[in-house]
Amino acid sequence: LHSYTKYNTWDTILSWINSIASSNPSLVSKQVIGNTFEGRPMTLLKLGKSSGTTKPSIFLDCGIHAREWISPAFCQWFVKEALETYGSDSQMTSLLDQMDVYVLPVINIDGYEYSHTTNRMWRKTRSKLSGSSCLGADPNRNFDAGWCTVGASSNPCSETFCGSTPESEIEVKHVADFIRKNKSSIKAYLTIHSYSQLLLFPYSYSYNLAADHSELMSVAQGASAALTSLYGTRYTSGPGASTIYLAAGGSDDWAYDLGVKYSYTFELRDTGYHGFLLPESQIKPTCEETMLAVKYIAAHVVFSQ
Ligand code: 0X9
Ligand code: ZN
Ligand code: ZN
């Protein structure tokens, strides 16, 4: 049974996706962008008031790393809040009137499922590579952004295996293909991870500052302040390379270099006490505070159009 305050399994999330789309036809549509390695449908929700023309949009994804369960929980929460508050919250109403938000609740579905059934700490995809007995690659090292140059491994048994080629992971290929195809409309790329309470932006594959560094930093600081205002949760903002570590092949750097200016990686609660095993009692407060940061960024993107 689906609950916004529990860590739902993939089957429950998929039923929820289907029912939320069919119950809100004026605000939600869904599309399958491809299947995972093990054949599960990567189902994308598009939220927004239909306008007849192509609106500018935001792409939000969750669950790139299997064990980061709070991440898919946030994407589900975001959809719920958007639908509940459209028409009453002025910020959400103008967001969905003026833009579309694409939400991919789980990218790495095979890994997410494996983390529920077999190994709670699984991170990677579940693809099979001939010549190795180790499965999977790190999807956040598999994007074509300085691929496998730093902070990634070419050893298939490593937790940060970059894959055999850029976009070798079918899930990464489907996401990259969708973003490339819709690149003229996509103004922001937001990807949700855990943990560490960080709001990161490019670059992570190099210490070079992004061309839009000052604007990305000030929007990140505003978003972090909005988040902190609810429960006092403290976030650190900055470029990935200097804020956590150098690591190439990430989706944020790839989207930014493609031309999506507002490209952010969230690392949600906590700072390590529970780590990836964040208790279900923290789903609601974590999602409520994160909503404020996402809405802050979205408002800035709407305003900048
Ligand atoms: O290492 C990662 O992929 C992310 N941290 S996590 O603990 N969730 O695995 C940080 C990603 C930052 N961005 C890039 N490295 N491009
Ligand atoms: Zn992650
Ligand atoms: Zn709420």
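**Close-up 1. Surroundings of ligand 1 in the predicted model.** In this predicted model, ligand 1 is surrounded by 15 residues (a residue counts when one of its heavy atoms lies within 4 Å of the molecule), and the closest are Arg123, Arg141, Tyr245, Asp252 and Glu267. Ligand 1 sits in the largest pocket, where a pocket is an open set of points, on a 1 Å grid over the protein atoms alone, with protein on both sides within 12 Å along at least five of seven lines, a 1.4 Å probe being used; a molecule sits in a pocket if more than half of its atoms lie within 2 Å of its grid points. Residues are numbered from 1 along each chain as its sequence is written, while chains are lettered from A and ligands numbered from 1 in the order in which they are written. Local features need pLDDT of at least 70 and side-chain atom pairs count only at pLDDT 80 or more, whereas totals for chains, interfaces and linings use all residues, and side-chain values use heavy atoms, with hydrogens and water left out.

Close-up 2. For polar contacts, pairs of N or O atoms within 3.5 Å are considered. A nitrogen atom of ligand 1 lies 2.6 Å from an N or O atom in the side chain of Glu267, a nitrogen atom of ligand 1 is 2.9 Å from such an atom in the side chain of Glu68, and a polar side-chain atom of His193 is 3.1 Å from a nitrogen atom of ligand 1. Taken alone, ligand 1 exposes 410 Å², of which the protein buries 95% (Shrake-Rupley method, 1.4 Å probe).

Close-up 3. His65, in the loop between strand 3 (57-62) and helix 2 (70-85), and His193, in strand 5 (residues 186-194), are 128 residues apart and link distant parts of the chain; helices (H or I, at least four residues) and strands (E, at least two) are DSSP runs. Both His65 and His193 are buried, that is, under 20% relative accessible area.

Close-up 4. The peptide bond from Ser194 to Tyr195 is cis, with omega near -5°, and Tyr195 lies in the loop between strand 5 and strand 6 (198-201). Ser196 lies in the loop between strand 5 and strand 6 and has a positive phi of about 140° although it is not a glycine.

How values were computed:
Buried means under 20% relative accessible area, exposed over 50%, partly exposed in between (1.4 Å probe, protein chains only). A polar contact is a pair of N or O atoms within 3.5 Å; within protein, one must be able to donate a hydrogen and the other to accept it, and residues adjacent in sequence count only if both atoms are side-chain atoms. On a 1 Å grid over the protein atoms alone, a cavity is a set of points where a 1.4 Å probe fits but cannot get out, and a pocket is an open set with protein on both sides within 12 Å along at least five of seven lines; lining residues have an atom within 4 Å of a point.
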